[in-house]
Amino acid sequence: MAKGAPVFKVTPVDRPEFLAGDHTRLREVFHPAKHPLKLGYSLAHGALGPGQRSKWHVLNSSEVYYFLTGYGRFMIDEQVTTVEAGTTLYVPPGSKQSLENTGTDTIEFLCVVDPPWKPEDERILE
């Protein structure tokens with residue numbers, strides 16, 4: 001950040017939670033189309049309760065997930081991998097994906113979408 005530039009700080013109350021098309025609960029943290037930032041990506045905080053699974057979906061953008069809490073399975077096309085706090089996962093553009101919470105706590109994650117998420121770039125498959 002340039003010297004003297006204002007700090008752009010966000011807290012959870014600054015970003016309302018909503019139910020995304022894939023049925024995860026999201027808070028859009030930073031998005032260049034909605035916030036006064038020069039970013040080439042968007043950043044969201046997500047959550048999925050115990051026993052829940054997100055709908056299969058495909059994005060035209062690449063995604064990087066960083067898991068903060070919880071335990072589960074992440075499916076990318078035909079591959080299945082376990083995720084837990086501290087796991088970082090890359091989802092290539094155009095990949096079919098779904099997250100399942102197989103633990104007893106809420107899964108929380110940060111998701112970086114590059115280029116920034118746009119509704120027309122996402123398809124819900126179920």
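An open sheet is formed by 5 strands in the order 7-6-9-4-11, with antiparallel pairing. Its edge strands, each pairing on one side only, are strand 7 (79-84) and strand 11 (122-124). Averaged over this sheet and with direction ignored, neighbouring strands are turned by 25 degrees against each other; the axes behind this value are lines fitted to C-alpha atoms, and angles run from 0 to 180 degrees between N-to-C directions. Strands (E, at least two residues) are DSSP runs, numbered from the N terminus, and two strands pair if DSSP finds at least two bridges between them. In general, strands of a sheet pair through backbone hydrogen bonds, either parallel or antiparallel.

The structure is a predicted model, in which local features need pLDDT of at least 70 and side-chain atom pairs count only at pLDDT 80 or more, whereas totals for chains, interfaces and linings use all residues. Residues are numbered from 1 along each chain as its sequence is written, and side-chain values use heavy atoms, with hydrogens and water left out.

Gly72 has Val83 of strand 7 as its bridge partner. The loop between strand 6 and strand 7 holds Asp77. Asp77 is not a glycine, yet its phi is positive, at about 55 degrees. With a relative accessible area of 37%, Asp77 is partly exposed; the classes are buried (under 20% relative accessible area), exposed (over 50%) and partly exposed (in between), computed with a 1.4 Å probe on protein chains only.

A further open sheet, of 6 strands, has the order 1-2-3-10-5-8, and its pairing is antiparallel. Strand 1 (18-19) and strand 8 (88-91) are the edge strands, each of which pairs on one side only. Strand 2 is joined to strand 3 by 5 bridges, and the two run antiparallel; here Glu28 has Ala44 in strand 3 as its bridge partner. Strand 3 is linked in turn to strand 10 (residues 107-114) by 7 bridges, again in antiparallel fashion, and the partner of Leu43 in strand 10 is Val112. Because 6 of its 7 residues are buried, strand 3 is largely enclosed by the rest of the structure. Strand 10 is also joined to strand 5, by 7 bridges, and these strands run antiparallel. In this pairing, Leu110 of strand 10 stands opposite Tyr66.

Several loop residues were examined individually. His23 lies in the loop between strand 1 and strand 2 and, although a residue other than glycine, has a positive phi near 75 degrees. His23 counts as partly exposed, since its relative accessibility is 38%. Ala33 occupies the loop between strand 2 (25-30) and strand 3 (42-48), and its relative accessibility of 67% places it in the exposed class. Pro115 belongs to the loop between strand 10 and strand 11; the peptide bond from Asp114 to Pro115 is cis, with omega near -5 degrees.

Gly103 is located in the loop between strand 9 and strand 10. Gly103 and Tyr71 are 32 residues apart in sequence, whereas their C-alpha atoms are 5.0 Å apart in space. When neighbours within four places in sequence are left aside, Gly103 is in contact (heavy atoms within 4.5 Å) with Pro50, Gly51 and Tyr71.

The largest pocket contains about 370 Å³ of space. Of the 25 residues that line this pocket, Ala20, Leu26, Ala44, Glu63 and Trp117 are the closest to its centre. A pocket is an open set of points on a 1 Å grid over the protein atoms alone, where a 1.4 Å probe fits, with protein on both sides within 12 Å along at least five of seven lines; lining residues have an atom within 4 Å of a point. Grid points are joined across faces, edges and corners, and the volume is the space filled by probe spheres set on the points. At least two lining residues are supplied by each of strand 2, strand 3, strand 4 (57-59), strand 5 (62-69), strand 9 (96-101) and strand 10. The lining comprises 13 nonpolar, 7 polar and 5 charged residues, where Ala, Val, Leu, Ile, Met, Phe, Trp, Tyr, Cys and Pro count as nonpolar, Asp, Glu, Lys and Arg as charged, and the others, Gly among them, as polar.

Methods
Helices (H or I, at least four residues) and strands (E, at least two) are DSSP runs, numbered from the N terminus.
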